Amino acid sequence: QVQLVESGGGLVQAGGSLRLSCTASGTIFSFVIMGWYRQAPGKQRELVATISTGSFTNYADSVKGRFTISRDNAKNTVYLQMSSLKPEDTAVYYCNGYVTGAVPGRGNYWGQGTQVTVSS
C-alpha cells in the first residue's frame with residue numbers, strides 16, 4: 001500500500017519561509033510523479049507545484065519565484081521550499097503522488113495534509 005506522509009507545516013509571519021516534506025512508502029519512488037496542492041477555506045484544491053520522475057518542475061503562477069519543489073529519490077522524499085510567504089498562501093497543503101510504470105501500487109495517492117498559516 002502506498003502511503004504519503006507530510007511534515008513541516010506551521011505558523012509563519014509574512015515574508016518568512018517554511019519547508020514541507022513528504023515521504024513516500026510502498027512503491028518505487030523514482031517511478032512517482034510528485035506534487036504539492038493546497039486548499040484554502042472555501043476554495044477548491046489547486047496545484048502548487050509538480051516534479052516529474054526526471055525532476056522536471058512545474059509551478060502555479062502564484063508561487064513562481066517564491067517556491068521550489070525538489071526530490072531526493074534516495075530518501076523517497078519530495079520537498080517544497082516556500083519563501084517570501086504571503087497571507088494568501090495560507091491553506092492546507094497536500095502531497096500528491098502518481099505512480100507510473102509497471103511497479104507496485106500504480107495509481108494516484110494523497111497525503112493527509114499539513115496546515116500552513118501565514119500571518120500578516
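How many bridges join S3 to S8, and in which sense do the two strands run? Six bridges join them, and S3 and S8 run antiparallel. The model in which this pairing is found is a predicted one.

Strands S3 and S8 belong to an open sheet of four strands, whose order is S1-S3-S8-S7 and whose pairing is antiparallel. The edges are taken by strand S1 (3–7) and strand S7 (67–72), each of which has a single partner strand, so one side of each is left without a neighbour in the sheet. From one strand to the next, the twist averages 15°. As background, the strands of a sheet pair through backbone hydrogen bonds, and the pairing can be parallel or antiparallel.

S1 pairs with strand S3 (residues 18–25) in the antiparallel sense, over five bridges. In this part of the sheet, Gln3 stands opposite Ser25 in S3. On the next step across, Thr23 stands opposite Thr77 in S8.

Is Ser21 buried or exposed? With a relative accessible area of 13%, Ser21 is buried, because the cut-off for buried is under 20%. Leaving out residues up to four places away in sequence, Ser21 touches Val5, Glu6, Ser7, Trp36, Thr77, Val78 and Tyr79.

A disulfide joins Cys22 to Cys95, with an S to S distance of 2.0 Å. Cys22 lies in strand S3 and Cys95 in strand S9 (residues 91–99), so the link ties together parts that are 73 residues apart in sequence. The angle about the S-S bond is -80°, and the link of Cys22 and Cys95 is left-handed. Both Cys22 and Cys95 are buried. A search of the whole structure finds one disulfide. In general terms, a disulfide is a covalent bond between the sulfur atoms of two cysteines.

Strand S8 (residues 77–82) is mostly covered, with five of its six residues buried. The largest nonpolar core has 31 residues, and the members that touch the most other members are Met34, Trp36, Val78, Leu80, Met82 and Tyr93. At least two residues of this core come from each of S3, strand S4 (32–39), strand S5 (46–51), S7, S8, S9 and strand S11 (114–119). Nonpolar side chains tend to be buried together in soluble globular proteins.

Charged residues come last. Side chains of opposite charge can pair when their charged atoms come close. The structure holds four salt bridges. Arg38 forms a salt bridge with Glu46, and the closest N and O atoms are 2.7 Å apart. Arg38 is buried, with a relative accessible area of 6%, whereas Glu46 is partly exposed at 36%. Arg38 also meets Asp89 in a salt bridge, at 2.9 Å from N to O. Arg38 lies in strand S4 and Asp89 in the loop between S8 and S9, so this pair ties together parts that are 51 residues apart in sequence. Asp89 counts as buried, at 1% relative accessibility. Arg38, Glu46, Arg66 and Asp89 are linked in a network of salt bridges.

Another salt bridge is formed by Lys64 and Asp61, whose closest N and O atoms are 3.1 Å apart. How exposed are its two partners? Lys64 is partly exposed, with a relative accessible area of 48%, and Asp61 counts as exposed at 64% relative accessibility.

Note on methods. Residues numbered from 1 in each chain as written. Predicted model: local features only at pLDDT ≥ 70, side-chain atom pairs only at ≥ 80, totals over all residues. Heavy atoms only, no water. Pairing = 2+ DSSP bridges. Axes fitted to C-alpha atoms, helices over the stretch in contact; angles between N-to-C directions. Buried < 20%, exposed > 50% of the residue type's maximum accessible area, 1.4 Å probe, protein only. Contact = heavy atoms within 4.5 Å. Disulfide = S-S within 2.5 Å. Core = buried A, V, L, I, M, F, W, Y, C linked by side-chain atoms within 4.5 Å. Salt bridge = Lys/Arg side-chain N within 4 Å of Asp/Glu carboxyl O.
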